[in-house]
Amino acid sequence: MQRLYDTREGKKVDLALREPGKVGIYVCGVTVYDLCHVGHARTLVAFDVVARHLRARGLEVRLVRNITDVDDKIIRRGHAEGRPAAEVAKHYADAMMADMLALGVAPPDVEPRATEHIADMIEVIRRLEARGLAYAAEGDVYYAVAGFPSYGALSGQSIDALQAGARIEVGEHKRSPLDFALWKGAKPGEPAWPSPWGLGRPGWHIECSAMAHRYLGDAFDIHGGGSDLIFPHHENEIAQSEGAYGSFARYWMHSGMVNFGGEKMSKSLGNVVTIRRVAETHDLEALRLLLISVHYRSPANFTIARDAEDRVVYPELDEAEARLDYFYRTLERLDAFLAATKLGGEPPSSEPASKADAAMDDDFNTAAAIGHLYDAFVLANKLLDDAKALPKAERARTLAAIARDARSIGATLGIMRRPPSEFLVARRERLCVRRKIDGAAVEARIAERSGARARKDFPRADEIRAELKAAGVELMDTPTGTTWRVTG
RNA sequence: GGUGCCGUGGCCAAGUGGUAAGGCAAGGGUCUGCAAAACCCUCAUUCCCCGGUUCAAAUCCGGGCGGCACCUCCA
């Protein structure tokens with residue numbers, strides 16, 4: 001039984017599907033006015049994992065994730081860059097999709113864009129108008145919150161309490177401070193579409209109500225998004241959709257924010273880190289591992305620091321990449337062993353795998369699942385090191401089970417999906433660049449050292465080891481020769 | 001001010017009534033010509049503090065202290 005934390009209930013509940021075997025999910029995607037940052041990555045990775053796990057559990061998932069391609073910030077950016085808003089939106093939507101691909105976030109089943117659903121939005125607004133929940137004023141159309149008594153239920157606030165803090169911006173024509181725009185009358189230089197209320201563009205929240213309805217129907221199972229969207233965005237979505245169609249999402253899931261090391265806005269440090277910036281120095285799979293190392297509802301830390309040479313570094317990311325390195329190295333050992341070993345029959349399911357699955361069943365506990373992954377890999381290394389740890393056939397079966405199950409957990413988490421060497425080689429090359437290490441030169445020194453070792457000239461061999469170590473290269477003597485790695 | 005979340009070892013982090021997962025760091029060890037990797041051992045009688053409920057609480061309740069988020073655009 002899948003459990004999940006429902007924001008509206010404020011507790012974990014059993015996932016009871018509307019239609020057995022099928023789950024409809026709507027996730028608020030990004031507004032494409034700039035490059036995506038680590039925070040966007042977290043939310044989209046979180047719901048990617050949700051979809052992956054539900055699929056792994058045999059459910060048919062329909063994931064809808066929108067792209068907001070018309071809004072104030074896009075328009076402003078268009079003005080600043082002297083190009084149409086639509087062009088700005090297209091540019092950053094493409095960038096977002098490329099970033100998500102690089103992060104291993106599977107494309108949603110439907111990725112609707114706001115500007116392609118203007119007619120659907122108008123339909124929702126007309127329904128609200130017909131039910132007395134919307135009113136037109138000076139070319140704008142507003143939602144009449146007073147007509148929706150349960151407003152505030154999701155965020156646990158009363159209409160009265162909300163009223164106290166709300167205010168009306170200049171140029172708005174609301175009857176009440178809590179009312180929000182469904183449709184905004186056209187202003188010069190802004191994109192505009194014809195509507196029953198004249199030329200204009202949609203308000204902030206209406207697209208999600210319209211697109212969720214179009215692709216998932218009057219009611220569906222799970223609605224997700226970042227926790228910063230709970231109020232007012234999701235509150236308003238509920239008011240719109242329930243107001244227009246009587247029902248909406250059954251469960252509300254919200255992912256936590258990413259903390260940037262407690263540092264306040266600092267231009268010199270750059271307190272918003274884009275996914276592309278991370279990709280310049282790290283494997284994005286490490287970012288993914290870092291993001292899922294914390295339960296999705298808790299705040300995640302992403303520290304921005306400076307090293308001795310005053311370069312920007314991300315300590316947590318370094319650690320995550322090192323952990324991923326351990327995973328891939330172990331997988332590589334497993335693969336090599338299994339390639340040379342005959343197996344009799346299908347290996348049984350391993351304990352870490354079932355524990356990891358159980359952790360995921362309990363509100364998608366990726367942190368616990370990763371903990372179980374370690375248990376699997378520690379056992380694998382132990383068995384690989386010690387040929388006599390178990391009877392031959394049992395040892396082979398156990399190792400095969402671990403290799404298979406670790407990859408299965410990885411598939412759900414969206415990690416360890418590449419051949420190990422691909423990750424390991426790329427990482428070493430990246431670290432060589434960072435530490436300014438010339439691989440060919442290192443190989444030459446290793447050859448020299450091998451000669452010294454062959455002559456039993458150990459002082460000379462150790463001299464070379466020490467010299468390379470100082471440069472950030474660590475040598476590993478194995479039965480099949482000397483290999484090397486770059487230290488952090 | 002309102003609402004919600006959180007406070008677990010040096011750091012990160014699971015755990016929501018049954019006697020503290022996991023990672024990093026640190027120390028010791030096995031292996032090694034020396035190392036590295038890998039593995040083993042050690043590392044929270046205790047979960048911010050004070051009360052309470054209970055046979056039993058990190059987990060529930062009350063009160064404090066501290067932190068964060070949202071209430072305005074935000075993943």
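**View 1. Lining of the second largest cavity.** H1 gives the most to this lining, with 3 residues. H1 and strand E4 (60–65) each supply at least two residues of the lining; helices (H or I, at least four residues) and strands (E, at least two) are DSSP runs numbered from the N terminus. The lining is made up of Val27, Leu44, Phe47, Asp48, Leu63, Arg65, Val105 and Ala106. A cavity is a set of points, on a 1 Å grid over the protein atoms alone, where a 1.4 Å probe fits but cannot get out, and lining residues have an atom within 4 Å of a point. The space in this cavity is about 40 Å³, a volume being the space filled by probe spheres set on the points. This is a predicted model: local features need pLDDT of at least 70, side-chain atom pairs count only at pLDDT 80 or more, and totals for chains, interfaces and linings use all residues. Residues are numbered from 1 along each chain as its sequence is written, chains are lettered from A and ligands numbered from 1 in the order written, and side-chain values use heavy atoms, without hydrogens and water.

**View 2. The largest cavity.** About 100 Å³ of space lies here. H1 provides the largest share of the lining, 5 residues. Among the lining residues are Arg42, Val45, Leu291, His295 and Phe364.

Terms used
1 Å grid on protein atoms, 1.4 Å probe; cavity = no way out; pocket = protein on both sides within 12 Å on 5 of 7 lines; lining within 4 Å.
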